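Thanks for coming. I will go through a few residues one by one, so please keep the structure open while I talk.

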Amino acid sequence: RLTPERTLEPRRYYWRVAVRDDTGREGPFSDPQLVRVQPVLALEPPEVAAETMAFRWGAGLPGQKYEFQMARDADFEQIIVSRQVGEPQLTVPRPESGFYYLRMRSIDTDGFIGPYGATQRINVPPAS
């Protein structure tokens, strides 16, 4: 088990291990294994206008895309927006007032899809 001494920056890392016996002799290293440290994508509060809602978040790694979803329920069974975008922002038509749930994940340039971040709940106020 190894815990890094500092927080790793978002990017790809490779690791490998070798066994050392009781006499101190090392065996051969294993094949390198890839581990990806993904940036934490945090949504800023949405900008609500008369006809639209704009969402923004901090940029991930260069070339990454983002999958954004908004649903009526926390289980994302009633998704009303599901978009993939290349920039850390998205504008959608303003939904009816009420509570909605948001989540995002990043997609690397090689097609690797990261996990969804924490689900966020927002309240869209009435238009009038």
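Which residues is Leu41 in contact with, leaving aside its neighbours within four places in sequence? Before the reply, one reminder: this is a predicted model.

Leu41 is in contact with Trp57, Gly58, Tyr66, Met104, Arg105 and Ser106. To find Leu41 on the screen, go to the loop between β2, residues 33–37, and β3, residues 47–48. Leu41 counts as buried because its relative accessibility is 15%, and buried means under 20%. There is also a distance to note here. Leu41 and Gly63 are 22 residues apart along the chain, and 15 Å separates their C-alpha atoms.

Next is Gln64. This residue sits in the loop between β4, residues 52–56, and β5, residues 65–71. Is Gln64 buried or exposed? Gln64 is buried, since its relative accessible area is 4%.

Last, the surface. Trp15 belongs to strand β1, which covers residues 11–15. With a relative accessible area of 43%, Trp15 is partly exposed. Which residues make the nonpolar surface patch of about 260 Å²? Trp15, Val17 and Val35 make that patch.

To recap: Leu41 counts as buried, Gln64 is buried, and Trp15 is partly exposed. That is the end of my part.

Methods
Residues are numbered from 1 along each chain as its sequence is written. This is a predicted model: local features need pLDDT of at least 70, side-chain atom pairs count only at pLDDT 80 or more; totals for chains, interfaces and linings use all residues. Side-chain values use heavy atoms; hydrogens and water are left out. Helices (H or I, at least four residues) and strands (E, at least two) are DSSP runs, numbered from the N terminus. Buried means under 20% relative accessible area, exposed over 50%, partly exposed in between (1.4 Å probe, protein chains only). Patches are made of residues with over 30% relative accessible area and no salt bridge: like charges are joined within 9 Å, nonpolar side chains (Val, Leu, Ile, Met, Phe, Trp, Tyr) within 5 Å. Accessible areas come from the Shrake-Rupley method with a 1.4 Å probe; for residues, only the protein chains shown count as cover. A salt bridge is a side-chain nitrogen of Lys or Arg within 4 Å of a carboxyl oxygen of Asp or Glu. Contact means heavy atoms within 4.5 Å.
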